[in-house]
Amino acid sequence: MNIKSSEIKLKNIFGDLTGGALGAVIALPQALAFGVAIGTGASSGLWGAIILCFTVGLLGCNQPLLSGPTGPAAIVCASALTVLNGSTQSLFAVIFLAGLFQIILSRTNLTQIVKYVPYPVISGFMNAVGVILIILQLNPFLGAKSLPTPMLALKGFLSALQNVNESALLIGILTLTIIFATPRYITKIIPSQILALVVSTIVSALYNFDLPTVGGVTSKLPSVIWADFSNIKALLIPALIIAIVCTSESLLTNLVVDSLTKTNCNTKKMVLSQGVGNMLCSLFGAVAGSGATMRSAAAIKAGAKTRFCAIVCAIILLLTVLFAHDFANKIPLSALAAILFKVGLDIVDTKLLKIVKYAPKQDLAVMFTVFFLTIFYDLILGVSTGIVLSALIFAKQLADSTNVKFKDIEDKHSIEIEKKLQSEAGYKIRVVHIFGEFFFGSATQIISHFEEVLGTRYLIVCYESENILDISAVFALEDIITRLKSQNITAHLVIKNSKILQQLDNLGISEQLGKENIFYSEDEAIESAKKLLKLEKNIKHKRK
């Protein structure tokens, strides 16, 4: 048992080492590019990846969740810098406040909402992330400039095809060949991506190929930055936006990591660690970041199991800065593009794609909506739309499952009375059972059923669910009572849940219906209706 336990631990350690190394390979060019895109410099992006990965690895959940500068985080930081008239000191103040907002957010229950995101949304998001990663590498693979969005990358690809850098393409093909052709027994010792990166960089340097390389990496340690908090009012809104975007993306990344590792992270702890990490980034002139889905998913695919993976990633990036910055600067971008091609393919959710023929149409609609919106517009919009669409579909399904059943109540006594009083034969008691959930989606459907009973004298409505009514259901119930009264029909309401009864009292529905017409059991309601019906018919009989 101990031997087996030791083997598992060694396997986890090896997986974290390889996953962390692969995460560093992916993070390096992205972090540099995001730093440049924001306008704070390549080093600020790289240090953002180091600080965030290390902080989340120490303080976060025991999961291989890698953090650092990401696309959405870079976009909001760049926008904030523009609003702040290019003042980097003000931007770092904004990032500090954003981290503080994240810490405050981590003390609330809002971080739990992401657990209710349906699988088609996650699948659409993961597929989009994989495809985006591939699209963004098309131009660097041909030796052209990397472009920041999928749409721009696709437009630039046509131009890149006409001006291919043959050296870059050759290195890219070499890298892909090593990645896919390396025997399994070798990849167990060293990941094929790392082997391909080293070989392609050495070949490029030996033959002195003229192609784009990483560049921009120095061994200089960051110094403490004194942020500018002088105009605090102008900082609050950008800080809040950065906090929301970074938290949302971190929660989405956490959801993907949970799905891939079959674990359940404490989202409050994760958001807290992200907030502390972003505050530390601001102190050392690094850009804000969040959980990085691409890097985390790639690390897990490489075997990462625990948060030690994030620490390994941070250490490798730090060692790269301190001791291998010259080598890092010589890494061909086409080699990195080839590695990211493989990573993108690995991220694509093949599990759902295999059963796409048999998947429900509404699930596919959600998945493809998230997929296309995430690729061609925006990650947050794509996921948000998917969640709303899933909620509407769920509401429709729930409404469809809610039904109304009618049951006539007859006994010998009531039949004899009806035979004697032919003119009043239409009076009878009916019971209506509402099965399922009485909520905004089913209220209209249920109301339409009551058109069928407008000849009844006493209608007993039995609400079978234990769930509290929402405001739409309350208004629907009020509408039902009004309609029945207008047709001279007395409603008896059977409610078995004391909380719902209290709710009806508070909203004035009980008074409108008449508390004498509310019952705890169906039998009581039926007996009451029979007595009233008998009394009415006796009175009419006497009048005749």
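## Rings, helices and a serine

Phenylalanine 371 is buried, as its relative accessible area is 16% (buried means under 20%, exposed over 50% and partly exposed in between, with a 1.4 Å probe and protein chains only). Phenylalanine 372 has 45%, so Phe372 counts as partly exposed.

A quick word on the source: this is a predicted model, where local features need pLDDT of at least 70, side-chain atom pairs count only at pLDDT 80 or more, and totals for chains, interfaces and linings use all residues. Residues are numbered from 1 along each chain as its sequence is written, and side-chain values use heavy atoms, with hydrogens and water left out.

How many aromatic pairs does a search of the whole structure find? The count is 6. Rings of Phe, Tyr and Trp (its six-membered ring) pair if their centres lie within 6.5 Å; planes under 30 degrees apart count as stacked, over 60 as edge-to-face and the rest as tilted. Here are two of the pairs:

| Pair | Centres apart | Plane angle | Type |
|---|---|---|---|
| Phe96 and Phe229 | 5.8 Å | 85° | edge-to-face |
| Phe371 and Phe372 | 5.1 Å | 80° | edge-to-face |

Helices here are DSSP runs (H or I, at least four residues), numbered from the N terminus. Phe96 is partly exposed at 24% relative accessibility, and so is Phe229 at 35%. As for Phe371 and Phe372, ring pairs join them with Phe368 and Phe376 into a cluster.

Helix α4 also holds serine 90. Is Ser90 buried or exposed? With 9% relative accessibility, Ser90 counts as buried. Leaving aside residues up to four places away in sequence, Ser90 touches Leu84, Asp228 and Leu235 (contact means heavy atoms within 4.5 Å).

Helix α8 (residues 166-181) meets α10 at an angle of about 150°, with axes 8 Å apart; axes are lines fitted to C-alpha atoms over the stretch in contact, and angles run from 0 to 180 degrees between N-to-C directions. That makes α8 roughly antiparallel to α10 (the word applies to angles over 145 degrees). Among the residues making this contact are Ile171 and Leu174 of α8 and Leu195 and Val199 of α10.

Terms used:
Helix = DSSP H or I, 4+ residues; strand = E, 2+ residues; numbered from the N terminus. Parallel < 35°, antiparallel > 145°, perpendicular 65-115°, else oblique.
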